[in-house]
Amino acid sequence: MEIRKEIDNSILRRESEEKSIPFVDLLLKKLKNISQKEKTGHTLFAVCPNSENVMKASLRAAKRANAPIMFAATLNQVDIDRGYTGWNQNDLVRKIKEYSYSIGYSGPIIVSVDHGGPWLKDIQTIEKWNLDKSMNWIKKSFEAALEAGYDLIHIDPTVDIFSNQIKIETITERTIELIAHVEKFCKFKKIGPVSYEVGTEEVHGGLVNIDVFSKFLKFLKDGLEKVGLDYVWPSFIVGKVGTDLHTTTFNLDAAETIVNIAATYDSCIKGHYTDFVDNPKDYPKSGVAGANVGPEFTILEFEALEELHEIECELYKENKISIKSNFIKVLEKAVFDSGRWKKWLLKSENNFDKLNNERKEWIIKTSARYVWAKPEVKCSQNRLYNNLKLNGIDGESIVLNNIEKSMDKYFREFNLLDLNSKLMN
C-alpha cells in the first residue's frame, strides 16, 4: 500500500508539473485536440463523492473505462469541519490515493471543490451567518483544499440569503475577491497553478439567461484585469442547460449557444444536475466539456442496500442468521433525526408525515447521503454485510456494482472509453 505524494501518477500529471500548467487546463487542451482530430466531442465525468461507496465505485468504473475521473466535493460533503462524510479535504485526497493504488488505477484523477461560496454550506444558511463570516470560512476551506492538492476550485457566490435577487455585479465582485485570495495563498505557500470554475448558475439550475451569462463574463474579465489578475481565467463556466433537481432533459440548443459564447473567452462549459438525465449522449454533441452527477448515486446506493435488507429479512425467516441489522429502520431514523431532509421540502410542504409515499421515499433516498457516515448507520450496515457474508453473499460488491452500472453509462455516453490511451499518445 502506498499513499503517494501526487493525487495520481499519470503521465499527464508529470507533464503538468514540468510545464507549470494547471492540470485541468492541460487535460482540457488535450481533450480539445483529440475532439478536433476525431470530429467528436468528449465530456468529462465529475462525481460528487457523497460516500465512501461512491468514491470506490468511481475509481473502479474509471479503471474499467480507462478514462479520467473527476471528483467534485461540496463543502457540505468534505470540509475543514469534516462535512457529512466525516472527511476533511486532506482525508478525501488520501482516501482517493489509497484506493486508486489498491485497485491499480493509474489514470488522471481531478479533485475539485464544488459550489464554493457563501451560504452554500448549509450551516451558514441555517444559522444566518453574515457575509464576512461566511466568506472567511470559504477562504479557509479553499486553503485546506489547495494544501491537500485539489486541482480545481468552483468559485460560486451566486447565493445571498439577505437579498431576494443578487446582482450580477455583486456576483462578479465576490468571485474576484475569492480568486484573488486563492492566488495570494498559492503564491505564499508556493503551490502550483490551480484551475477555476465559475458561473452565474444559482443552486437550483434551470435554463440559462444569455444576456446575464454574457454580461458576467465581460464583467469578470474586466474586473480581473483591474486587480492585476489578467493572467487568471476560469477553465470551466457553469452553464444552465435545462437540468435541475426535478428536470432530467438536457437542452442541446441552449448548451450549444453558451458553449460558443464561452469558447470566445477560451473557456469550456460544465453542466450541473446531470443526475438521471434522459439524453446524456447530447452532452458531447453540444461541446459541453464536463458534467456533475451526485444525488443519483446516493439513490442507487440506497436502493442496493434496501434490496440487501430484504434478502436479510428472508434469511432471518429461514433461521439462517441470528439477529437482523434492521438497517433501513436505523437509516431512516438517522435521516429524520438529522433534520437535513427539510432542505428538500417544497414551499407547499411543511409536514413530513403529510407527504405522499412517493415524496417521502424520494426525500429519504436523497437525504441518505447525510448520514452514511453516522456511527449507528455504519454499525448497522456492517452487521447487514456480515449476515449476508455468512450466507455466501458479498454485500459490498452488490452495492458497488449497482452504482457502477450507472457510472458505466456516463463513461460510455460521454465518449470517454479508452480516453487515457489517447491522452498518452
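Just after α4, Gly104 takes on a positive phi of about 80 degrees. Keep in mind that this is a predicted model. The notes below start with that helix and then move on to the strands and the helices packed on them.

**Helix α4, end to end**
- Helix α4 covers residues 89-103, and at 1.5 Å a residue its 15 residues should span 21 Å. Its end C-alpha atoms sit 22 Å apart, so the two values agree.
- Over at the start of α4, Asn88 has a side-chain oxygen that comes to within 3.1 Å of the backbone nitrogen of Asn90.

- The buried residues of α4 include Leu92, Val93, Ile96, Tyr99 and Ile103. Gln89, Lys97 and Ser100 are buried as well.
- In an α-helix there are 3.6 residues a turn, so residues three or four places apart point the same way.

**The barrel**
- Eight strands make a closed barrel with parallel pairing, in the order β1-β2-β3-β4-β5-β6-β7-β8. From one strand to the next, the twist averages 25 degrees.
- Helix α3 packs on the sheet and touches β1 (44-47), β2 and β3. The direction of α3 makes about 165 degrees with that of β2.
- Three bridges link β3 to β4 (residues 152-155) in the parallel sense. Ser112 stands opposite Leu152 of β4.
- Helix α7 (residues 168-189) lies across β3, β4 and β5 (195-199), and runs at about 170 degrees to β5.

Conventions
Residues numbered from 1 in each chain as written. Predicted model: local features only at pLDDT ≥ 70, side-chain atom pairs only at ≥ 80, totals over all residues. Heavy atoms only, no water. Helix = DSSP H or I, 4+ residues; strand = E, 2+ residues; numbered from the N terminus. Expected span 1.5 Å × (residues − 1). Buried < 20%, exposed > 50% of the residue type's maximum accessible area, 1.4 Å probe, protein only. Polar contact = N/O pair within 3.5 Å; in protein donor to acceptor, adjacent residues only side chain to side chain. Pairing = 2+ DSSP bridges. Axes fitted to C-alpha atoms, helices over the stretch in contact; angles between N-to-C directions. Contact = heavy atoms within 4.5 Å.
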